[in-house]
Structures are given as C-alpha cells and as structure tokens.
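Hi everyone, thanks for making time. I'd like to walk you through one structure, so let me put it on the screen.

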Amino acid sequence: MKKELRLQKKLLKYPCYGVLFALCFLLGRGAASLSAVPVTAQTAASSARLAIVIDDFGYHGEGTDEMLALSIPLTAAIMPFSENSKEDAAAVHAAGKEAIVHMPMESLTGKPEWVGEKGVFRRMSEEEIRNRVDEAFSIVPQAVGMNNHMGSAVMEDKKTLGVVIEELGKRGGFFLDSMTSPKTTGAVVAGEKSVPFLERDVFLDSTNSVEVVKQNLKKAGEKAKEQGYAIAIGHVGPEGGKITAQALRELAPQMEKEGISFVFLSELAGRK
C-alpha cells in the first residue's frame, strides 16, 4: 500500500512518468494480445510450395511466349534435339525462368516418332548413352536437371536409366520422374547414384478447357498443402499451350492468397 502511494505521488510530481507508464501498460497489453493470436489455416499453409514444370519447349510451340510472360516462377523442360531448342533455351533464360532437359526416351507405347531419332534407347551402349546426355546439355547449357519425355521403357530398365542418371549426377543435376510408367525404377536408381530425385504429382492439361486445367491446379495446390510441396506438369503446344498459360495467369494470384508459394523445381531438389 505504501509502495502504491509513493508511485502515485511520483506520477503527480512528474507527469511525464505517468505518460510513460500508460504507454508501457498499453504496449504490454498489445503484445500479449498479439501473442495470443491463433495460427490460422492460411498461416499454416504458407509452407506449401508448388513447382510448375512446363514440358515440350524446343519447338516454340503454341503458348511459349504466354508461358514465359507469367509472373510466377516456372521451370521449362526443353526438348534438346528440336529445331528451336537453342532459341527456346535462350528465351527461357532471358525471361528469368528455370531450364531442365526434357530428355526423349524409348517408350513402351505411342508412336516412335514421338520420341524421335535422337533420344535414349535400351539398345544403345553405355558410351552412346553418355554421349547423348552430353550432347543434350551442350544444347541446353542452362539446364539444372532433367525429366523424361515419354520413356516408359527406359524408366523401367535400371541398367539404361542408371547410365543416364549417373551422367546427370556428374553435372550436379537432379532428376524429375514424369511418372509415365507405374513400374518406374527412378527412385531406386537415383538413390543408388546419390542424385536428387523428384516425382510428378499432377498432370495439368491435355485438354481444351481452361476450367479443367484450373481444377487440376487446385488439386496440385491441395497436394502442396498436405505434404508441404507438390509438382505439376503442363505443356506448351497442342497438349496445353495458351489454355494452360491462361489458367495459370488467372488462378495463381488466388492460390498465392491461400498461402501457396510458387517455386522453381530446383528449390524442391535442394539446389537453391
């Protein structure tokens, strides 16, 4: 009681102490109220990272310019042995996007011309495979990793895939499995070669509907919230192109407000 009386007399004698006391009291209450704010769903979702990979650069296909104009981080998978490979690789770099090699590989299904004459085939010797990978990276020197174009046959064959991933590892790259085969050996081989490995979660397009692409984007976003990250693959050209670019342009701002962060693929591979 005596202590309180002494404090009251001091405050009356020195009004500035009263102002200081009041400020400290109010700030203390404010800090306490801030510390008591519960973590909301949006705050919790801020760790959800989504990497968008766009396949089939290299032909300067429909939607190429629209994809590169997007404001979000984007990883362009560039076909290395196509007529516009070097041109598209330079455009990707100039746009501030990330590049990986979209390596054509032998498939169990589809037309042989979809793979092309240049690619990785099971009939090739180890030296031929190594030379093919080296040639691909010489055409797309900006590439920080690789994913497979088609390639179900190679992805199931540990011997052939092992040579590819070993060469990739020498360049410090990572491998993204496009998941074109349910019998893929990608994770096993990459583990044996100590090469960073990722898997596609969602395919975005192969549709003429912007709304379908948006629905697939939302699925990828939910996956990112569930496991902390997700990888979605789309395309330039007839498989997606302008349709996919439009869906990304229109939906990305909303997804970011929901706490989803768009990132380069390399960030998920621990390369950035």
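**A walk through the fold**

Of the 272 residues in this protein chain, 46% count as buried, where buried means under 20% relative accessible area, exposed over 50% and partly exposed in between, with a 1.4 Å probe and protein chains only. Before going on, please note that this is a predicted model: local features need pLDDT of at least 70, side-chain atom pairs count only at pLDDT 80 or more, and totals for chains, interfaces and linings use all residues. Residues are numbered from 1 along each chain as its sequence is written, and side-chain values use heavy atoms, with hydrogens and water left out.

The chain has 13 helices and nine strands; these are DSSP runs, H or I of at least four residues for helices and E of at least two for strands, numbered from the N terminus. Taking contacts between residues at least 6 apart in sequence, 72% join residues at least 24 apart, with contact meaning heavy atoms within 4.5 Å.

Now to the inside. The largest nonpolar core has 60 residues; such a core is a set of buried Ala, Val, Leu, Ile, Met, Phe, Trp, Tyr and Cys residues joined through side-chain atoms within 4.5 Å. Leu 50, Ile 52, Phe 57, Met 67, Met 105 and Met 146 have the most contacts inside it. Helix 12, residues 242-257, gives the largest share of this core, six residues. Apart from it there is another core, of 13 residues, with Ala 77, Phe 174, Ile 231 and Leu 265 among them.

What does Ile 52 touch, leaving aside neighbours within four places in sequence? Its contacts include Ile 72, Leu 74, Leu 204, Leu 217, Leu 248 and Phe 262.

Of the 20 residues lining it, Asp 56, His 149, Met 150, His 235 and Glu 239 are the closest to its centre.

Arg 200 sits in the loop between strand 6 (197-199) and strand 7 (202-203). Is Arg 200 buried or exposed? Arg 200 counts as buried, because its relative accessible area is 18%. Beyond residues up to four places away in sequence, Arg 200 touches Leu 176, Asp 177, Ser 178, Met 179, Ile 231 and Ile 233.

Val 163, in helix 9 (residues 158-170), is buried because its relative accessibility is 6%. Its C-alpha atom and that of Glu 126, 37 residues apart along the chain, are separated by 6.5 Å.

How values were computed:
1 Å grid on protein atoms, 1.4 Å probe; cavity = no way out; pocket = protein on both sides within 12 Å on 5 of 7 lines; lining within 4 Å.
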